[in-house]
Amino acid sequence: MRRRVGRIAIGAVISLTLVGVVPASAAEGQITVGSFLARANALKAKGIAALFSSELKTLRGIGQAAGAEYRARLAQERAAGRPSSCPPPKVDIGNDQFLAHLETYPAAARERTTLVTAIGDLFARRWPCR
């Protein structure tokens with residue numbers, strides 16, 4: 001049960017990351033994969049208490065900022081005729097899939113890779129332009 005509740009809390013973060021709402025701030029989108037994973041894993045470890053943690057709102061804002069920053073970059077790429085990915089209008093990626101993607105980065109690369117770049121990498125792999 002404890003593990004499931006943690007997934008629900010992180011699921012809210014991931015869903016809002018990729019669907020996107022208004023970003024909290026552009027700087028928050030520059031968090032590294034390593035930092036995001038560390039914070040997400042610490043939140044998951046809280047179990048049901050994660051639902052009441054202010055960290056959930058903070059991670060949600062970080063995810064929203066990164067998602068919005070990637071969408072803006074993709075819009076610029078499309079305008080230039082060279083999009084890095086071609087996702088459908090509505091994107092639905094589960095939290096487990098998103099976190100698993102972040103875990104694919106080697107430990108050293110996690111601290112050099114921003115969350116925005118990781119989202120771009122995921123989209124390019126999942127929805128390549130043909």
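**Labels and their cut-offs**

Mentor: Start with E77, which forms a salt bridge with R73, the closest N and O atoms being 3.5 Å apart. This is a predicted model, in which local features need pLDDT of at least 70 and side-chain atom pairs count only at pLDDT 80 or more, while totals for chains, interfaces and linings use all residues. Residues are numbered from 1 along each chain as its sequence is written, and side-chain values use heavy atoms, with hydrogens and water left out.

Trainee: What makes E77 and R73 a salt bridge?

Mentor: The term requires a side-chain nitrogen of Lys or Arg within 4 Å of a carboxyl oxygen of Asp or Glu. The closest N and O atoms of E77 and R73 are 3.5 Å apart, so the pair qualifies. Both residues lie in helix 3, four residues apart, about one turn of the helix. Helices are DSSP runs of H or I with at least four residues, strands are runs of E with at least two, and the numbering starts from the N terminus.

Trainee: How many salt bridges does the rule give?

Mentor: The count is three. Among them is E55 with R39, where the closest N and O atoms are 2.6 Å apart. E55 lies in helix 3 and R39 in helix 2 (residues 33-45), so this pair ties together parts that are 16 residues apart in sequence.

Trainee: How do you know that C86 and C129 form a disulfide?

Mentor: A disulfide is a pair of cysteine sulfur atoms within 2.5 Å. The sulfur atoms of C86 and C129 are 1.8 Å apart, so the pair meets the definition. C86 sits in the loop between helix 3 (54-79) and helix 4 (95-103), and C129 in the segment after helix 6 (115-126), 43 residues apart.

Trainee: Why is the pair of Y70 and F123 called edge-to-face?

Mentor: Rings of Phe, Tyr and Trp (its six-membered ring) pair if their centres lie within 6.5 Å; planes under 30 degrees apart count as stacked, over 60 as edge-to-face and the rest as tilted. For Y70 and F123 the centres are 5.2 Å apart and the planes at 70°, so the label is edge-to-face. F123 and W127 also form an edge-to-face pair, at 5.0 Å centre to centre and 70° between the planes. Y70, F123 and W127 form one aromatic cluster.
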